[in-house]
Each structure stands twice: as C-alpha cells, then as structure tokens.
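Work through the exercises below with the sequence and the structure at hand, and try each task before reading its solution.

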Amino acid sequence: MTQSLPENPLPEKPLLEICYQDEHIIAVNKPAGWLVHRSWLDRHETVFVMQTLRDQIGQHVFPVHRLDRPTSGVLLMGLSSDVARLLSQQLERHEMQKTYHAVVRGWIEEAATLDYPLVEELDKIADKFAAEKPAQPAVTHYRPLAKVECPVAIGRYPTSRFTLTELKPETGRKHQLRRHMQHLRHPIIGDTAHGDLRQNRGFTEHFGSRRLMLHASELALTHPVSGEPLVLRAEFDDAWQRVAEQLGWTLP
C-alpha cells in the first residue's frame, strides 16, 4: 500500500549561498529581505540567516557584523566564539575593508569622499528611553562606475538619470551609506527610509525592481587564524542582474 503525499506539502527551507568556508569562519551571500537573527521587533518573521545557516551546516555560528534587512551581500560569521571575537576586533580597529554597490538617483560625475558626521538613529520602540548622542564621525568613499539617462519621466523631468556607484565606508554608522547618499542628493533607489519615494515608485513601475539597490559585494580582511589576507565576494542576485540588463550596465 502506497502512502499518498499531502496536497500542500510544506516548502523546503531555503539554502544560503556560501561564499567561503573553512574550519574557522564562514561567509554567506545574505538575500535581500532576510533578517540576520531573531528580533522581538519582528516577531512575525520565521526565516533568519543565523538559524538557517546553523541548520544548513550542522553547527553553531557566531555573528561578527550585520547587514540591514533590505541589503544583500557578504555576511561573515565565526565558527567559534573566540574566532568571532578576533574578527570583531579587526572590525573595531577598521582593519576590514567593505565594498558595496548601489544604484542611485542622478549622475555622480567623479569619485570623492564624504566626511559627514551622523547622529545615531534610535529605534522608536527599542530605544524610546535612550538619550540622543552627539553626532559621530562618518566617512564614505564613493566612485561612479556607470551612468545612464532613460527616456522615462519620473517626476517633473522627461528623462531619468541613474548611476551605478561603488561605496567604501570607512566607518560603520547605522544606515551610513543610505544617509550619506541622501545627504549628497543621490539617494539609493528602493530606500524607503532615506530615499526618494516618487523615484522608488517610478523605478518599480518601469524596471520591475522593488528591492533596495544596495549590495555588499566584497569584504577584505586578515584571516583570524592563519594571518593571511582574504577577500570574500558575493555575487549580485537576479533582481540586480535584471536591472543592470535593462540599464545597459555590466556589473563588476
């Protein structure tokens, strides 16, 4: 007698793309929309990077840094608490170099550095009793890689301009890249907190992208055990590839 399958079987748990793994560290390509770990602020969520990766590789992982929920890309973790501590110390000493890519509104004409302090962003619920702190140093290096002008009217102009931009944060303030690009009047496309909502809606309508166009492409560090230099890279996802194809860009 054969046993029939249920009409609506539960979907298989998604697997994370592993960018690098050895006996001490592991790095994954975090999908956009995923939380790094459980949070009481997002009780309804059921999929998290740390828990999914733990189940996927069969051992505990220890966080080193985080990526905002809508941001995709390289996420590094230790496979022991001691290694995670060593990696965190590198991060605190600014010895890791992060490289991001973003699609921003308008044309950026040349590479430059923005040194613009940022006041810490407080969460309305978690930090409602916290006192506001003075602005903290925040430095971002940025470089235009490709520009395009599309015959698409978003707002009061008959065309729309976008720039594929490389971003290298020297500091790690909350939402630093998103806030710095807003300050430069080149907000990142898809940013619902610090971006141009009209541009976001128009970009979705004409190019089909609903995500934040910010990707953590590369993380350069020193291996915490071997001492060798290590460069971790994460590929662009399908949404990025589709946007690049429509805009005529070759992604780095």
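**Exercise 1: an arginine in a helix**

R179 has its place in helix α3, which spans residues 176–183; helices (H or I, at least four residues) and strands (E, at least two) are DSSP runs, numbered from the N terminus. This is a predicted model, in which local features need pLDDT of at least 70 and side-chain atom pairs count only at pLDDT 80 or more, while totals for chains, interfaces and linings use all residues. Residues are numbered from 1 along each chain as its sequence is written, and side-chain values use heavy atoms, with hydrogens and water left out.

Task: decide whether R179 is buried or exposed, and list what R179 touches.

Solution. Step one is the cut-off: buried means under 20% relative accessible area, exposed over 50%, and partly exposed in between (1.4 Å probe, protein chains only). Step two is the value: R179 has a relative accessible area of 13%, and therefore counts as buried. Step three is the list of contacts, where contact means heavy atoms within 4.5 Å: not counting residues up to four places away in sequence, R179 touches L118, V119, E121, K174 and H194.

**Exercise 2: an asparagine and its partners**

Task: find the helix that holds N200, and say which backbone oxygen the side chain of N200 reaches.

Solution. First, N200 is found in helix α4, residues 197–207. Next, N200 has a relative accessible area of 10%, so this residue is buried. The side chain of N200 then reaches the backbone oxygen of D191 at 3.0 Å. Finally, leaving aside neighbours within four places in sequence, N200 is in contact with I188, I189, G190, D191 and T192.

**Exercise 3: a helix and its cover**

Task: name buried residues of α1, and say which strands are included in their cover.

Solution. In helix α1, residues 49–57, the buried residues include V49, M50, Q51, T52 and L53. Their cover includes β2 (25–30), β3 (62–63) and β4 (72–78). After α1 comes G58, whose phi is positive, near 75 degrees.

Key: A polar contact is a pair of N or O atoms within 3.5 Å; within protein, one must be able to donate a hydrogen and the other to accept it, and residues adjacent in sequence count only if both atoms are side-chain atoms.
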